[in-house]
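Please keep the structure open as you read.

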Amino acid sequence: MPVNNISGIKLSSGPTHLRSRILVRNLPTCTRHELARLCIPFGEILGSLVLGNHGFIQFARESDAKTAIQILDQSIFKSKLILVSSASFRSLRENNITFGPAGGA
């Protein structure tokens with residue numbers, strides 16, 4: 001994937017029914033391209049989105065998303081502890097994470 005297209009398309013929404021999308025919370029100030037660069041080692045990225053202090057990465061495969069979650073959850077990105085989970089509606093409900101209209105969903 002070319003460097004200038006590392007983050008794929010700009011996603012238009014947050015949580016979905018797709019299990020291959022991850023939610024990254026507690027983000028420092030960054031672009032969607034910077035967030036994508038953090039995640040590129042885990043697999044093909046189809047799209048990314050940053051909304052304030054949280055962001056979303058859409059992977060091509062669910063297995064890539066699971067690997068990214070396992071490795072990145074509670075890691076440090078730009079001097080901040082980030083929290084990474086699945087961005088499916090079901091996963092967010094199971095983990096009591098609310099994401100409503102104010103967050104862009």
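## Around isoleucine 57

Leaving aside residues up to four places away in sequence, isoleucine 57 touches Ser20, Arg21, Ile22, Leu35, Ala36, Cys39, Ile45, Gly47 and Ser48. Do keep in mind that this is a predicted model.

Which residues touch the most other members of the largest nonpolar core? They are Ile22, Ile57 and Phe59, in a core of 19 residues. Strand E2 (21-25), helix H1 (32-39), strand E4 (54-59), helix H2 and strand E6 (80-86) are the elements that give two or more residues to this core. With four residues, H1 gives the most. Another core, of seven residues, lies apart from this one and includes Leu11, Leu49, Phe56 and Ala87. As background, nonpolar side chains tend to be buried together in soluble globular proteins.

## The sheet

Now for the strands. Six of them form an open sheet with mixed pairing, in the order E1-E3-E4-E2-E6-E5. At the edges are strand E1 (9-10) and strand E5 (75-77), each of which pairs on one side only. E2 and E4 run antiparallel and are joined by five bridges. Valine 24 stands opposite glycine 55, which is in E4.

| Strand | Residues |
|---|---|
| E1 | 9-10 |
| E2 | 21-25 |
| E4 | 54-59 |
| E5 | 75-77 |
| E6 | 80-86 |

## The largest pocket

How much space lies in the largest pocket? The value is about 230 Å³. The pocket is lined by 13 residues, and the closest to its centre are Arg19, Ser86, Ser88, Arg90 and Ser91. Helix H2 (62-72) and helix H3 (89-94) are the elements that give two or more residues to the lining. H3 gives the most, with five residues. By type, the lining residues divide into six charged, five polar and two nonpolar.

## A residue on helix H2

Let's finish with glutamine 70, which has its place in helix H2. Is glutamine 70 buried or exposed? Its relative accessible area is 67%, so glutamine 70 counts as exposed, the cut-off for that being over 50%. From glutamine 70 to valine 84 the distance in space is 8.2 Å, C-alpha to C-alpha, while the two are 14 residues apart in sequence.

Key: Residues are numbered from 1 along each chain as its sequence is written. This is a predicted model: local features need pLDDT of at least 70, side-chain atom pairs count only at pLDDT 80 or more; totals for chains, interfaces and linings use all residues. Side-chain values use heavy atoms; hydrogens and water are left out. On a 1 Å grid over the protein atoms alone, a cavity is a set of points where a 1.4 Å probe fits but cannot get out, and a pocket is an open set with protein on both sides within 12 Å along at least five of seven lines; lining residues have an atom within 4 Å of a point. Grid points are joined across faces, edges and corners, and a volume is the space filled by probe spheres set on the points. Ala, Val, Leu, Ile, Met, Phe, Trp, Tyr, Cys and Pro count as nonpolar, Asp, Glu, Lys and Arg as charged, and the others, Gly among them, as polar. A nonpolar core is a set of buried Ala, Val, Leu, Ile, Met, Phe, Trp, Tyr and Cys residues joined through side-chain atoms within 4.5 Å. Buried means under 20% relative accessible area, exposed over 50%, partly exposed in between (1.4 Å probe, protein chains only). Contact means heavy atoms within 4.5 Å. Two strands pair if DSSP finds at least two bridges between them.
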